Amino acid sequence: MPQAITVTSALAVAWTAFALLVWLYGDSPLLVMKLMFEGTWGTAYGAGQVLFKATPLLCTGIAVDLALRAGLFNIGCEGQLAVASLAVAVVGARTGALPSLLALPLLLLVAAVAGGAWALVPALLRARFGAHEVIATIMMNRIADAVIGALMGAGLAVAASVRTQDIARSAHMPRLDVLVPAFRGSAASLALVLAVLLAFGSQWALRRTRVGREITLVGQNAVACAAAHIPVPRRLALALVLSGACAGLASTGTVLGYKGYYEIGLGAGAGFGGLAVALLGRSSALGLVLAALFFGTLQQGGLAINAHVPREVVDVLQGVVIIAVSIGDPRVRAMLTGLTGAEATP
Amino acid sequence: MTVANASGRDAVAALRLAGIHKRFGELWAVRGADLEVRTGAIHAVVGENGAGKSTLLKIAAGILAPDEGEVWTFGERPARYDARRAQAAGVAMVQQHFALFDGLTALENIILGAEPTRAGGRLDLATAAQRAARVFEQLGASVPLHAKVGTLGVGDKQRLEIARVLFRDARVIILDEPTAILTPGEVGTLYLTLRRLASEGRAVVVVTHKLDEVDAHADVVTVMRRGETRGTRPVARGADVARLAGELIGGEPLPGLRAEAGPLGETRLAVRSLVSGRALQGVTLEVRAGEIVGIAGVLGNGQSELIRVLGGVLSADAGEVVAGRIEVVHEDRQTAGLVLDSTVEENVVLGELRQFTHGGLVDDTEVRAAAVARIDRFAIRPADPRLPARALSGGNQQKIVLARALAREPDVLVVAHPTRGVDLVAAHAIHEQILAAAARGTAVLLIGADLTELRCLCRRILVMVRGRIVAAFPPSTDDDTLGAAMLGGKVTAAS
Amino acid sequence: MSGSVLVTLGTETVRMTVPYACAALGGIWSEKSGVVNIALEGMLLASALGAVALEIATGSPLVGLAGAVVVGGLFGAAHAWFVRRGVDAIVSGIALNLIAMGGTRFLLRALYGSSSNSPAIPGFRGGATGSTSAIALVAETLSDPLTLLAVVALASTALALARTRLGIQLRAAGEDAAAAASLGLHVARLRLTAVTIGGAIAGIGGAALAFDQHEFQSGLSGGRGFIALAAVIVSGWRPGRAVLACAAFALLDATQIVFQGHSRASHDLVTTLPYVATLLTLAALGRRRRASG
């Protein structure tokens, strides 16, 4: 129940902030809200677009949540996602000879491995040297930008552009209208189904597998676990790499399911959105899915209202929700290092 | 309010606590406690580990806020009593874990919170140094003012804490277990200082569980048991230990435990010339199967590092450790022993999930069965495996950690301060388990600051000074010899 | 290399160091008091917009500068307040960055109807720098009010942390908050003060960015906040060394501008140097911590 209160009050704060910003801009909050609804859940196309936008958010949300369980902050989803997107686009362009049934699983693997590999450096730094993964993953984000830019310039990009060549036919992820014809025309793909499976699967694995349990225990008290012979550095590294792999999978919907190529900047913002989803989703598979849908709605809604109110209002809302949901969040507070300590301090 | 004291003069109590209640989560640490402290005397607050003494005095110093009750200082009752108001009222506390900052110099530590300043908030270090020098004169000892505290030893750190208290000209000085880190000789010196401070018109409160110190040095004693104060009375110098012991336990005295004198097996733990960093400078020792060997020594001479090397957490630079399977019960059970937010069940099988895992998945029925068996064998109460570990008392928490270590049937058990913060009944049970483990052939290395505990359980007591084992004694050795060895002084050889 | 190229390189470096240094000093104030601050990027961005908006509104670059300082300070205060209310410092930092990035673009459209840039402002130096002689260039750079302010900020930061009551208390709070509170220090207030001062100093950097470009562009900070973060870590949270690190990173930037014409690839890889340096420092710091047990 307290969870529901936290989430509800966070949403209430978000709505207030939204109304305030719209009103300051000179428009009517209720009108804009109506437009946002019409542009999202009001039509099948809009709903499909919401699902499309929610897909990478769900993957990165799972990624951040997984890391949080181990007591780690993966701020590197942006970089992991970008690297995986490039990898998937490049490999996808070369799978012409394979049937979809082989190409797609292969590409999923590539996405996961690429994302995981990009998280490997911070993971090793944490495991071997105890280096703070927050700084390391932030640095890897910036390095990713540079490396991708360099690679694109060095030949991966189609001449005189900032995009890769198209992927092969077999590499395309089928659109969602294969399952639900109403979504025809929207960009939502089966990647969404994948993401939802990943959400439930990851939460299940954390609870039922030995490694998953150990990761959670390490997140609660790494020192005690080390004393009990749990290989803490290895679990931390594993959690971070798996987290990166999930972030990498976020590329599938956008590259394989929609664009069919990678261009610089594609998918940006899904990394930080993942943090919002993880915090709002509060470590439950259903919560993560709902949170991803919520932020997906905001993002699509932002496009719909852009003529009236700048769509960046949605980014501001994302930040506001993150704060609102974290104020008094006991799980996040448990990770704080020495805040006020003594109770008598006013 | 005024209260007449024994000599008939009116005197306001320097410190008065009335009806204090304090709770941490589900546990009541202090329940309806009262305390009255006067100037001019050394007032001891005694109780076994876990009786609530530290909590009560932290409330007196404003460091913790009580759930109920009142704090009066010199007849005044400040609203919202906190550390700052306490300081303003002249109350200061030297805590068990020093409130010292490694990154600041000794002088900066002393003046922190009461800094003399010039215009614009700039520190007046010259005045500060002068006043600090005067305080050191009062103390009869000194500490290098410009050294970073991180480089100082434990004894210097305690002197710094006391210097800070005097720098603030505290009228009520509270010390929490100050002698845990001192050798028997240094204890005497400390009490001389405290006596002098008391005679200057200050109130001195010492929180301790060492009854012989109370008997020898304190004027007034308050007994605490299970969070309640059980009365205050003058100390009958030289004749009080037995009576106090009775008051502490409040019931039948527990049967004395004696270490078995059975046959010993082969050597299970051999440490040779172990070197690590600056803390360990060549430790050599041996423990045989069935033997309980104790290590005594002033805290800070490498004991923690030795434990960590044996536990595989810290690496050695030189030397070797030859042992079978080692299980280590670390000093601080809350940070190094338990995952407090997890259940008793998860804690009692922590790190052993592999044996209950089939095909990557954990079999919860097996886990439950194993957990219940261990809870039963070690009498962990309450016996519900689903409770969060946080909800159990210190003694039962320690039992969980011990149960886990012993369930692995190690060749060597290294246990540090097993009964710190544990009530007497649980401590007794823990001692029984350690003796039983030794009887089964486990080699036990017991590291403790409590000489009574070491004497009661060990076949041999080693003394550790500055990272080396310097002497070995039989448990019957007297305090003075042990104390001298702990200081690194000359020792007569003993086997 | 000719003398004039060296001079250009030098003055460009000094010019580009200012925003890095101000942000880094801001980060140090915060971290020393025990509050992790990864919102330096957002602070630079928001305060830059503040500077531009106020100069456009009042015509005075001084008011613009004041505006930047106030916005930066408010950002810092917000961060400290959230952390006090139980929001993890990392989470708060990310949220503030998001709010800054989205909010500045929102305001850009709201105030000036553009989604990319604002109207131009003269700043403290009107128009383009047309100086030709080396001496004039150096004089201009060194006499720029923002450069001078940055130097003052460095000196006062170092002095305040080491020699004032505020400095010694906030350092204690940063090292061990519980112990500090038990001595009667007001930890929450110290942290609020420190992070706000830090934000205000970072605001100077934002103003420098804006006045340098003579307008506000979307995404103006361009990752400089993260470079400043790198400098803070690489320098071990020491003000003087952090500014030196900032100067080194600024030199990298300046070199690329002055010696344009390299291939895109090597340009990109050179920009990763600060980040790689930070990763190496993290490893070294960690190893040292391990060794001392």
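Colleague: What is the mean pLDDT of chain B, and where is confidence lowest and highest?

Modeller: pLDDT is the predictor's confidence in each residue, from 0 to 100. Where pLDDT is low, the predicted coordinates should not be read in detail. The mean for chain B is 85, with 92% of its residues at 70 or more. Within chain B, confidence is lowest in strand S1 (residues 3–4), at a mean of 42, and highest in strand S8 (residues 172–176), at 95; helices (H or I, at least four residues) and strands (E, at least two) are DSSP runs, numbered from the N terminus. Over residues 1–10 of chain B the pLDDT is below 50, and over residues 490–495 of chain B it stays under 50.

Colleague: Into which domains is chain B divided, and how many residues of each are in contact?

Modeller: Domain bounds come from an automatic or database domain assignment, and here they give domain 1 (3–249) and domain 2 (267–486) of chain B. The C-alpha centres of these two domains lie 31 Å apart. Two residues are in contact if their C-beta atoms, placed from the backbone, lie within 7 Å; by that rule 15 residues of domain 1 of chain B meet 19 residues of domain 2 of chain B.

Colleague: Is strand S14 of chain B buried or exposed?

Modeller: A residue is buried if 20 or more other C-beta atoms lie within 10 Å of its own, exposed if 12 or fewer, and partly exposed in between, with C-beta atoms placed from the backbone. In strand S14 (residues 292–296) of chain B, 5 of the 5 residues are buried, so the strand is largely enclosed by the rest of the structure. B:Ile292, B:Gly294 and B:Ala296 lie on one side, B:Val293 and B:Ile295 on the other, and both faces are covered.

Colleague: With which strands does S14(B) pair?

Modeller: Two strands pair if DSSP finds at least two bridges between them. S14(B) pairs in the parallel sense with strand S20 (residues 443–447) of chain B over 4 bridges, and 4 bridges also join S14(B), again in parallel, to strand S21 (residues 460–465) of chain B. B:Ile295 stands opposite B:Ile447 in S20(B), and its bridge partner in S21(B) is B:Leu462.

Colleague: How many residues of chain A and chain C are in contact?

Modeller: In this contact, 48 residues of chain A meet 50 residues of chain C. The largest share of the chain A side, 12 residues, comes from helix H7 (133–156) of chain A. The contact between chain C and chain B takes 18 residues from chain C and 23 residues from chain B.

Colleague: Which residues have the most contacts inside the largest nonpolar core?

Modeller: A nonpolar core is a set of buried Ala, Val, Leu, Ile, Met, Phe, Trp, Tyr and Cys residues joined through C-beta atoms within 7 Å. The largest has 377 residues, and those with the most contacts inside it include A:Leu58, B:Val444 and C:Cys22. Helix H9 (residues 187–213) of chain C gives the most to this core, with 15 residues.

Definitions and conventions:
Residues are numbered from 1 along each chain as its sequence is written. Chains are lettered from A and ligands numbered from 1 in the order in which they are written. This is a predicted model: local features need pLDDT of at least 70, side-chain atom pairs count only at pLDDT 80 or more; totals for chains, interfaces and linings use all residues.
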